[in-house]
Amino acid sequence: MSQNELSTRGATWMRALADGTPVPGYGSTLQVVDAALAGQPARYIAVVPDAENRFPRARNGEVGLIEGWQLACAVRDVMTADAAQEKKRAIVAVIDVASQAYGRREEAYGIHLALAAAADAYAAARLGGHPVIGLIVGRAMSGALLAHGYQANRLLALDDADVMVHAMGKAAAARVTLRSVADLERLAQEIPPMAYDIASFASLGLLWKLLKVKSADAPDAGDVDTVQTALAAALANIAADPSRGLESRLGAPLRSASSEVRKRLREQWNTQPENA
């Protein structure tokens, strides 16, 4: 699937997983549904394409100015509503995002602030006790993933050829590195961080689960059950983990070096004399 191709996967999986009426007030490119997860209240959020979007750079599922601020609102609204509750609602980010929106207007009006607000809201929700789960069902590209879902306690993905994670699209990466797309694909076979396929991303240790389904585009009842079961397991796993911070997000074996570096730096910092 090309970056400029409209994808309906986010909306498809929202309908499959969240049986409810979308919450109004979040615009045409954000779907927000309050539904149940494992018998508990949850908020599901997805960015969806809108071919009539008044911002042309955000018509194909990109996260632009409006999407960034609305994501922040959708998450912060849950935090406000649950502020007095001991048990916080789960937030499920259904992820199929082509990229952040590249455009002069976006840069001029501060897309960096909009996307930072979204990422900050997800991080604040996680640290505030809301179980946050990211489910990658399609593309998870560039700053769009950082703004929508990357701050989750647990990150899951469908095991499908059109599920891709990367910092930028192949054509853009080829231009930046002065290589052909074919050259990049060849290098990706040897260097996992350069690859786009979900298996290579999983090898980096950031995914909690990789889920096999029959059809990522048209899930049947069995596919939906597989994903719902995995989301419920993620929710239970988060509840059993006292850490709301990076300890749980860096728990995979391939992230052990990152965890050890942070541990040693923290120990050195804490042993420094106060007047040093």
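Helix axes here are lines fitted to C-alpha atoms over the stretch in contact, with angles running from 0 to 180 degrees between N-to-C directions; helices (H or I, at least four residues) and strands (E, at least two) are DSSP runs, numbered from the N terminus. The model is predicted, so to speak of local features takes pLDDT of at least 70 and side-chain atom pairs count only at pLDDT 80 or more, while totals for chains, interfaces and linings use all residues. Residues are numbered from 1 along each chain as its sequence is written, and side-chain values use heavy atoms, with hydrogens and water left out.

Take H1 (residues 9-17) and H9 (residues 221-239): their axes come within 10 Å and cross at roughly 80 degrees. That makes the two helices roughly perpendicular (65 to 115 degrees). On the H1 side, Trp13, Ala16 and Leu17 make the contact (heavy atoms within 4.5 Å), and H9 brings Asp223, Val224, Val227, Gln228 and Leu231.

As for charge pairs, the whole structure holds 14 salt bridges (a side-chain nitrogen of Lys or Arg within 4 Å of a carboxyl oxygen of Asp or Glu). One joins Asp82 to Arg89 at 2.9 Å, N to O, and both residues are buried (under 20% relative accessible area, with exposed over 50% and partly exposed in between, 1.4 Å probe, protein chains only). Asp159 pairs with Lys212 at 3.1 Å. Asp159 sits in the loop between S5 and S6 and Lys212 in the loop between S7 and H9, so this bridge ties together parts 53 residues apart in sequence. Asp159 is partly exposed at 26%, whereas Lys212 is exposed at 62%. Finally, Arg9, Asp160, Asp162 and Asp217 form a salt-bridge network.

How values were computed: Angles under 35 degrees count as roughly parallel, over 145 as roughly antiparallel, 65 to 115 as roughly perpendicular and the rest as oblique.
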